[in-house]
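I opened this model to look up the ligand site first.

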Amino acid sequence: MKLIFASQNKGKTKEVKALFEGTGIEVFSLADLGNSIDVPETGVTFEENAFLKAKAIYDIYKEPVIADDSGLTIEQLDGRPGVYSARYSGENCTYEDNNKKVISELENLPEPHLAKFISHAVFFDGKQKIDCMGELPGRIILESRGTAGFGYDPIFIPDGFEKTIAELTFDEKNKISHRKISFSQIKEELLKYINS
Ligand code: IMP
């Protein structure tokens, strides 16, 4: 079976291809298909945005698609940055700009600054929609630590750890990450669906 992964992100594509290895499902990224489309994330939830991407790519190729949307939600900020995680401090902002904005919003609030990374992965083949969610709970610290990873990793300490995600190795992050959880679940659901 052919499965298109509706993402331009090389890191995520690598993870998803590795996850489906040996299942008989062959994953093609948009780059593999020579497609540079960037589907606008106009939804107000992660699930909505993931489905928008899956549906837009399904409409082009009429082949089964998986897509995802993810971000950070902070309890004391009423769930922000949420679906605006990528562009929290404005269009074309850097990860550092976003981290600075979060730190400035939290610095006068009492600790702990509880937060969660969330990932929604969606499968769509024109008939069936499958949605799976993964969460990584933790807390935000007010100084950046570490150089690995991306995004909010340098200011996020997962529950049960003393290090930020940016101080963990790639493999350590990939064992616990919100994306690992949502994609592993969608793989299981998809294999059940295909074999039903
Ligand atoms: P998207 O799912 O590619 O739209 O990612 C949205 C944004 O959420 C990213 O640009 C990051 O700012 C943030 N984000 C999502 N996952 C992670 C993660 O694993 N670490 C750090 N930041 C993340």
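I take helices (H or I, at least four residues) and strands (E, at least two) as DSSP runs, numbered from the N terminus. The model is predicted, so I note the limits: local features need pLDDT of at least 70, side-chain atom pairs count only at pLDDT 80 or more, and totals for chains, interfaces and linings use all residues. Residue numbers run from 1 along each chain as its sequence is written, and side-chain values use heavy atoms, with hydrogens and water left out.

Polar contacts. I looked for pairs of N or O atoms within 3.5 Å. The side chain of S70 has an N or O atom 2.7 Å from a ligand oxygen. For D69, the side-chain N or O atom is 3.1 Å from an oxygen of the ligand. A ligand nitrogen lies 3.2 Å from a side-chain N or O atom of H178.

Aromatic pairs. I pair rings of Phe, Tyr and Trp (its six-membered ring) if their centres lie within 6.5 Å; planes under 30 degrees apart are stacked, over 60 edge-to-face, the rest tilted. I get six aromatic pairs. F51 and F124 have ring centres 5.1 Å apart and planes at 85 degrees, so this pair is edge-to-face. It links distant parts of the chain: F51 is in helix α2 (residues 46–61) and F124 in strand β4 (residues 113–124), 73 residues apart.

How values were computed. Polar contact = N/O pair within 3.5 Å; in protein donor to acceptor, adjacent residues only side chain to side chain.
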